[in-house]
Structures are given as structure tokens and as C-alpha cells.
Amino acid sequence: MQIREDEVRHALDNLYDAAALAENPIARRLPQVDARPDPLSRALHLRTVLMEAIEVLQPCRPAAFRSSDARSYEVLSLRFIEGLPMARIAEELHASRRQVYRDLDHAIEGLTKLLALYPWEGKATSTPAFAAPQEPPEPEDVLDDELQSLSPHSGPLDLAPTLQSVVQTVRALAAQCQVNISCSPSDTPYTVFANDALLKQTLVHALSALIRHATGGIVHISTTIRQAAVAVCLAATVDEDLLQDRGFLSAQKLAEVQDLAWCQEPLDQGRLQLVLELPPRESRVVLVIEDNRGAVELYKRYLASSREWQVVVAPSPRLSFDMARRYRPAVIILDILMSEQDGWSVLQLLQAQPETRDIPILVCSVFEELDLAATLGATAYLRKPVSQLQLLAALQRCLSH
């Protein structure tokens, strides 16, 4: 596959400009990206491809730290993931600007060659890994790709308003199908840890499928506690075609993406109950205080596959204390170089307040100030760029502190 270096450079320069990224020629040359149904999803998937490719270029042996490949990876990551200017990168790497530009050119050359072999399995191969599809992908395949690219951003969620919104969304469909929706009132205000938008989508698809296949004229919704999890139960008498309903299958896939337990339970007289179990508020929260979108997305991607961590992002460092007090995170990830407020001030504020001083703080920064961070109360310190293994290990150290 022919991909030019100028196209790769243009894509990296516009990594967070969805419109420009969707129009980049690379988006048309990579079949998996071109198969996306709209410009926004093409841009998001191409961004994911580029960020994964950058990570593949990272040398895996510590001994290679000062090698040309290691420097090239660092320049690439700092320039396009962290968004640092070239002058700052030269300062951070203790190299001349001329050397940094040479390393960047070398990195883009390597990235271009790697993209020509996409998709890879852990590392680049010597031959192209795919051939261009002869036919448009099936809708189910496109849905699977879309769901796999999601990185759900979860947080504490009051379940009652979410259920009310779901019922309101499907009410017209229920009336059209002559089905009544019955909700058992609950005296307990259930708070769960979930992504509100994805949870609504899951419940809307499941409830819509039950409505379309209900034979008894009623669908019943209830909430209860099951083994410390909050369970949403949808019950109805349904026909046998329910299990092949696309909405029903979509709800299952959405539940899987969110790592939510999903089961189907037969009840008496031919009734079926769908049960979706949601994690309670006690799930471990990591609060990210970072104004670099690339770094935030990287942390989300690193932690997306782990059921142990739920990522909450502070929209502004000035809200750090309020969010820490509200979410009571198990660990805080804190950047130092931020435009609205410097990380040292945030660190001192969090350490000065009784409500937050006991929360472990992991500082992730391009600066090498381990001693200063420790004296100000930081629990652990990582120098950017940060790998997935480094981040997970540092979070575990914070928990055992």
C-alpha cells in the first residue's frame, strides 16, 4: 500500500482536527478506516490507528533508551501526543533542535512504513497484512468495529433519571405496538458507576426489542441488588424471534463493551427476564487532572481494558479539588505543565485539604522533578512519555502506599 510521508505528517499535524483528518488520503487508503460510515467515525478511527502506530514504534528494551529509535519515538510522542513545541522537546531531551528535527523525520519515515503494513499484530510484519475488501462490509461488522473503538468514560450515576429517560425514549414505540410499560417504584436511590450515554443506549435497545416481541401486552421494569451489584430487570412474555432481533443483539454487544453482566432468565408462564448488572459506586476511580487531550486519550486507552479502573477526567485543573472531593478517587493522575493552573499548585492544594490529603497522587510530567514532587506529597512519579505497563504498575504502587 502506497502511503506518503507528507500525508502522514499532515495527519499528525491535524490529529485532533476531525474534519482535516477525515479528508486525509490515508483515511481512504486504509480499508478499515474507509469502511467507516461517516467522516467523524473515519477521523476517530484514523486517530486511533495513528496513536497505536506510535506506540508500536516504542522500543521495548530499556537498554535502547539512548538509541536513535528511542529518541525518534520520544520526539514523535512529545510532539504529537503531548503537543509540545520543538524547542521544548529539544530542551527536555537535552538535544539540539537540529538533532530533534532529524529524529522527527526519522520517526515519520518509520511511521509511514508501518502504516503501509496496517493492521499489525503487536509489531510490524514484512508483508502487507490485508487485501482491500471487494465488497462493502456487513452492518454487523461495522458495528463491531465501532464498539471495539469505544473507550467508555464512566462516573457515579443516579440510576432513576436514566431509567426515566429510557422509558420516555421508547414510549411512542410502545404505544404503536400496544404495549404498556410498568415500572416498580424503588425506595432506594441506586447510584451506579457507568457511562450514562452508553447505558441508555443499552437499555433502549433491550427495551425496544422486548416491546417489538412482547405477546402479553406489557413490559415490566424493576431494580434490585444482586451480589452487591445493582441489577436492572426487564421482564415480558415474548415470542421466540426475540433472540434474533438486531436491537436485542446490539444491547448484548453494548453491555459487553461496558463490561456489564448480562443474562436471560426464563420465568413462569413463558415470560423472559433480561438482567443487566451494574457496578456499584465502590468501583475504583482514577481522577485525571491533565489538559493535554492526547495524554488523556492515551490514559483512557491504557485503562480501557482493565475492569479495575474507571477514568474520570477533570475538565479544568481549577476544578481539581471539587472533583476529588466529589468522586473520592483511589488515585489521582496529575500533570505539571498545564495552561490554566500549574500542577505544583494543584498538588499543594490537594495536600493542604483534609478531604483530599490522603488520596494518592501520581505525577506524570515531561519534567524530571521527582524529589520536588515527593516533598510536596506526591505518592509516585512518572516521566512522560508513559507506557501502559509503567502506568498500571505506578497505580498499583499508589494503592499499596
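This is a predicted model: local features need pLDDT of at least 70, side-chain atom pairs count only at pLDDT 80 or more; totals for chains, interfaces and linings use all residues.
Colleague: On to sheets. What is the order of the strands in the sheet that holds β6?

Modeller: The general idea is that strands of a sheet pair through backbone hydrogen bonds, either parallel or antiparallel. In this case you have an open sheet of 5 strands, ordered β2-β4-β5-β7-β6, with mixed pairing. At the edges sit β2 (180-183) and β6 (261-266), each pairing on one side only. Neighbouring strands are turned by 20 degrees against each other on average, direction ignored.

Colleague: In which sense do β2 and β4 pair?

Modeller: Parallel: β2 and β4 (residues 214-226) share 4 bridges. To find your place in that pairing, look for Cys 183, which stands opposite Ile 221 in β4.

Colleague: Which strands do the helices on this sheet touch?

Modeller: Helix α10 (residues 159-176) packs on the sheet and touches β2, β4, β5 (229-238) and β7 (271-278); its direction makes about 165 degrees with that of β2. Helix α12 (residues 246-257) packs on the sheet too, touching β6 and β7, and its direction makes about 140 degrees with that of β6.

Colleague: What about the other sheet, with β10 in it? What is its order?

Modeller: It's an open sheet of 5 strands as well, running β9-β8-β10-β11-β12, with parallel pairing. The edges are β9 (310-313) and β12 (380-383); each has a single partner strand, so one side of each is left without a neighbour in the sheet.

Colleague: How many bridges join β10 to β8, and how many join β10 to β11?

Modeller: There are 4 bridges from strand β8 (residues 285-289) to β10, and 3 from β10 to strand β11 (residues 361-365). Leu 287 stands opposite Ile 332 in β10, while Leu 334 faces Val 363 in β11.

Colleague: Which way do the side chains of β10 point, and are they buried or exposed?

Modeller: In strand β10 (residues 331-334), Val 331 and Ile 333 point one way, Ile 332 and Leu 334 the other way, and all are buried.

Colleague: Last one: how do I read a helix-helix contact, say α5 with α13?

Modeller: Start with the angle: 65 to 115 degrees counts as roughly perpendicular. Helix α5 (residues 39-56) and helix α13 (residues 293-304) pack at about 80 degrees, with their axes 12 Å apart, and are therefore roughly perpendicular to each other. Arg 47, Met 51, Glu 52 and Glu 55 of α5 meet Gly 294, Glu 297, Leu 298, Arg 301 and Tyr 302 of α13. Those contact residues divide into 3 nonpolar, 1 polar and 5 charged.

Methods:
Residues are numbered from 1 along each chain as its sequence is written. Side-chain values use heavy atoms; hydrogens and water are left out. Two strands pair if DSSP finds at least two bridges between them. Helices (H or I, at least four residues) and strands (E, at least two) are DSSP runs, numbered from the N terminus. Axes are lines fitted to C-alpha atoms, for helices over the stretch in contact, and angles run from 0 to 180 degrees between N-to-C directions. Contact means heavy atoms within 4.5 Å. Angles under 35 degrees count as roughly parallel, over 145 as roughly antiparallel, 65 to 115 as roughly perpendicular and the rest as oblique. Ala, Val, Leu, Ile, Met, Phe, Trp, Tyr, Cys and Pro count as nonpolar, Asp, Glu, Lys and Arg as charged, and the others, Gly among them, as polar. Buried means under 20% relative accessible area, exposed over 50%, partly exposed in between (1.4 Å probe, protein chains only).
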